[in-house]
Amino acid sequence: MSRRLRATALVGVLALAVSGCGGVGGGGDSGGGGGAKGSGALSTMGFGLSDEIAKTRVDAFKKDHPDVQLNITEGAFDEQQFLSAVASGNPPDLVYMDRKLIGTYAKRGSIQPLTDCVEKQKIDLGQYRQAAKDQVTLDGTVYGIPEFSQVRVLYLNEALLKQAGLTADDVNLADWAGLPAVSAKLAKVSGGRLSRIGIDPKIPEFLPMWAKANGAEMISADGAKANLTDPKVVEALTTGVKLIQDQGGWGKFKSFRDTFDFFGAENPLAKNQIAAWPMEEWFLNQAAKNSPKAELVVKPFVDRQGKPLTMSSGQAWVVTKGAKNPEAACAFVKQMTATDTWFAAAKARAEARKAANLPFTGVWTGNTAADKKIFDELYQPTGNKRFDDAVATIREAQDAAFAMPASPAGAEFDKAWTDAVNRVLSGQAQPAEALARAQQEATAALDKAAG
């Protein structure tokens, strides 16, 4: 049995009845206006202290909660490790996971509703971005507290555009029929070897955004019904696949793209390895740090009418079923995502950048009040018009974001359509055929979850 199947089977064994009107925080002292502080040991999974943004916020919690012994197990979220811990009856109190997984774990009883947590800690849900809240809410019940807000924008290497006799306006994502010709002018394919990507559609990952741009929803708003055979979804996949096929095919394209280091000075922008690509907003921060002189232009991703559109994603904090210290867990997630804590973290980032003589391009959170405070009181234009215009574009994109809704079979749905895209890219199936199979797989998983 595969690792994924073993994990899925284990989740089924773990399923426990979860009340939508109770959950975390129901048994402790409600505390004063700021909520109960908690005490004792508190453990986490899936989180790390890799930068000043994380460290500043964790330090703030430790200072304000001296009676809590915080134990952070650093490292990425591991599904099997998480499920095994829950099954053993000794799970971490808190888990930091991708928001798209929350509906699945909520339905199966591996994580707890945060209704009481929100009430007792007086957490203002109105401060969080709607797209982020949508992903942590299943059947009207909140199961997670959002952290960062990642949105996608279009990055352009203007130096390469100029070489091809093009401008940023010529890369028009509203004109799907014209994209292959533009990409061909920008790409460098010789002797079957790809040495420069023209336009990267970034699929499978961003297929939901391309589908949305074409007027299609891949899953219903309640996360219960798949819509993968919609002709508009098929058209979106067909468009993305053609861009890749025209640049040597998936094998060569992926092998070349896998060599990219988006986090270093030798990133594909600096090395002129790619001309146009949609990507999360965090790359602007990396470009400002590693390639401040690059001829970067950032535009909004748009739908076929030219209207700005973007997909939101990110992480969230959840409290596990069987958590031993839910009171402290709730206090932790409140402080980690609070406006003042985010502001302190952003200030630490800004000071670090200033000390290194590097531009500060902001911090993008799931908390709208925090972002407003950061950009109203802390952020200053860098003096580099490219980066300053990019920041303005990303701020506008945050307000145009949608998110894939929470689903009781979110993980299975995600796997179904991702596998379909990969079958098409590898030449095993045509778009309509692959998506029809994915529709059947996703429907079966969703029906099972509903039952």
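T239 counts as buried, because its relative accessibility is 15%; buried here denotes under 20% relative accessible area, computed with a 1.4 Å probe on protein chains only. The model is predicted, so local features need pLDDT of at least 70 and side-chain atom pairs count only at pLDDT 80 or more, while totals for chains, interfaces and linings use all residues. Residues are numbered from 1 along each chain as its sequence is written, and side-chain values use heavy atoms, with hydrogens and water left out.

T239 belongs to helix α10, residues 231-245. Helices are DSSP runs of H or I with at least four residues, strands are runs of E with at least two, and both are numbered from the N terminus. A polar atom of the T239 side chain lies 2.9 Å from the backbone oxygen of E235.

The description now turns to strand β7. This strand spans residues 150-157, and seven of its eight residues are buried, so β7 is largely enclosed by the rest of the structure.

Strand pairing requires that DSSP find at least two bridges between the two strands. With strand β10 (residues 274-280), β7 pairs in the antiparallel sense over five bridges; R152 has E280 as its bridge partner in β10. Strand β11 (residues 296-300) also pairs with β7 in the antiparallel sense, over five bridges, and K299 in β11 is the bridge partner of L154. Strand β12 (residues 310-313) is joined to β7 by two bridges, and these strands run antiparallel. Here, Q150 has S313 in β12 as its bridge partner.

How values were computed. Buried < 20%, exposed > 50% of the residue type's maximum accessible area, 1.4 Å probe, protein only. Polar contact = N/O pair within 3.5 Å; in protein donor to acceptor, adjacent residues only side chain to side chain.
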